[in-house]
Amino acid sequence: MVAPIIAGVAVAAAAYAGKYGIEAWQAFKARPPRPKFRKFYEGGFQAAMTRREAALILGVRESVAAEKVKEAHRRVMVANHPDAGGSHYLASKINEAKDMMLGKTKSSGSPF
């Protein structure tokens, strides 16, 4: 007597679970695709550094406070310092970017 009721409840539960599973799968498939890898700036350095390029190198916006520029410079230099196996060329470009963002541009530009 109780067995058909339990079987009916089990079938109903399975049907609801299947319905919500199908809806969740369709919502998952309908979401916009995300790139699997972070897209980096493609291309080399410009002949004369611009404020836009400096912001791209440091990973900040063009209109950012000086303190944020210093924090970003420190973070990027830790990863690319020549004493830690980084490139002298990249270190000079990072320093040039910091100077550009802080308004301390030199007339000669990068030594490389």
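## Aromatic pairs

F28 is partly exposed, at a relative accessible area of 43%; the class lies between buried (under 20%) and exposed (over 50%), with a 1.4 Å probe and protein chains only. The model is predicted: local features need pLDDT of at least 70 and side-chain atom pairs pLDDT 80 or more, while totals for chains, interfaces and linings use all residues. Residues are numbered from 1 along each chain as its sequence is written, and side-chain values use heavy atoms, leaving out hydrogens and water.

W25 counts as exposed, at 52% relative accessibility. There are two aromatic pairs, where ring centres of Phe, Tyr or Trp (its six-membered ring) must lie within 6.5 Å, and planes under 30 degrees apart are stacked, over 60 edge-to-face and the rest tilted. W25 and F28 form a tilted pair, 5.6 Å centre to centre with 35° between the planes. Both residues lie in helix α1 (residues 2–30), three residues apart, about one turn of the helix.

The pair of F45 and Y89 is edge-to-face, because the ring centres are 5.5 Å apart and the planes stand at 65°. F45 lies in the loop between α1 and α2 and Y89 in helix α4, so this pair ties together parts 44 residues apart in sequence. F45 is partly exposed at 34% relative accessibility, and Y89 is partly exposed with a relative accessible area of 33%.

## Helix α4

Helices here are DSSP runs (H or I, at least four residues), numbered from the N terminus. The 15 residues of α4 should span 21 Å at 1.5 Å a residue, and its end C-alpha atoms are 21 Å apart, which agrees; the expected span is 1.5 Å times one less than the number of residues.

At the start of α4, a side-chain oxygen of S87 comes within 3.1 Å of the backbone nitrogen of Y89. Just after the helix, G103 has a positive phi of about 85°.

## Nonpolar core

The largest nonpolar core has 14 residues, of which M49, A54, L58, V60, I94, A97 and M101 touch the most other members. Two or more of its residues come from each of α2 (51–58), α3 (66–80) and α4 (88–102). Helix α4 gives the largest share, five residues. A core of this kind joins buried Ala, Val, Leu, Ile, Met, Phe, Trp, Tyr and Cys residues through side-chain atoms within 4.5 Å.

Leaving aside residues up to four places away in sequence, M101 touches R51, A54, A55, L58, V60, R61, E62, V64 and V69.

Notes:
Contact = heavy atoms within 4.5 Å. Polar contact = N/O pair within 3.5 Å; in protein donor to acceptor, adjacent residues only side chain to side chain.
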